[in-house]
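Good morning. I will go through one model, from the overall fold down to a few side chains. Please look at the sequence and structure on the screen.

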Amino acid sequence: MNLQSARAGASMAVVSMLCVQLGLAASVGLIDDLGSTGAAWLRLSFAGILMLLIVRPRRAMFTPESLRAGIALGVATAGVTVLFMAAIARLPLGTARAIEFLGPLGVAIARSRGVARAWALVASAGVLLLTEPWAGTADPVGVACALGAAVCWAAYILLTQRVGDSVSGIAGLAISMPVAAVVATVVAGPGVVAN
């Protein structure tokens, strides 16, 4: 990986996570009105439209492999968003976030060696101590949604790196965010429109 692709991947990850976190903060209040999947659908739809308008992707910007990776990233983005929003509708925000964080920790454990791996394992133990799954007080559907979001977040990390290595700048987001919006529309759109 050269320096330019590393910078592209880093900038795409920073912009993407900034959009995700700002969108989450803005949409938590919408859960009461639209439900968790409706709030996830709304944020992903706006993000997808904005990325299409800002970047204006063209087919020439992508190889077949980078296009497939961008589509997979969009599916992972939709998964982490919809599942996390469903989790926070059933669990306290801190508990859901701690469980979801097992995804990045799993990637860190798998990719690190020595002391770094030990610290990642200590952090994983901390997540277990914070959430106390043995107490049986957490909503099992909420925990399952948070664990699903963790798996999607791990996939998101790996796919962001792959897309960042093969596409310049934030062009990968111009594919992944509209795909995430379409996936969320299929999952949540009918329920939101029916209400």
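Helices here are DSSP runs of H or I with at least four residues, strands are runs of E with at least two, and both are numbered from the N terminus. On that basis the protein has eight helices and zero strands. This is a predicted model, where local features need pLDDT of at least 70, side-chain atom pairs count only at pLDDT 80 or more, and totals for chains, interfaces and linings use all residues. Residues are numbered from 1 along each chain as its sequence is written, and side-chain values use heavy atoms, without hydrogens and water.

Of the 195 residues, 44% are buried, meaning under 20% relative accessible area with a 1.4 Å probe and protein chains only; exposed is over 50%, and partly exposed lies in between.

Next, the core. A nonpolar core is a set of buried Ala, Val, Leu, Ile, Met, Phe, Trp, Tyr and Cys residues joined through side-chain atoms within 4.5 Å. The largest one has 40 residues, and Leu44, Ala96 and Met177 have the most contacts inside it. H3 gives the most to this core, eleven residues.

Last, the rings. Rings of Phe, Tyr and Trp (its six-membered ring) pair if their centres lie within 6.5 Å; planes under 30 degrees apart are stacked, over 60 edge-to-face, the rest tilted. The whole structure has one aromatic pair. Phe101 is partly exposed at 37%, whereas Trp153 is buried at 13%.
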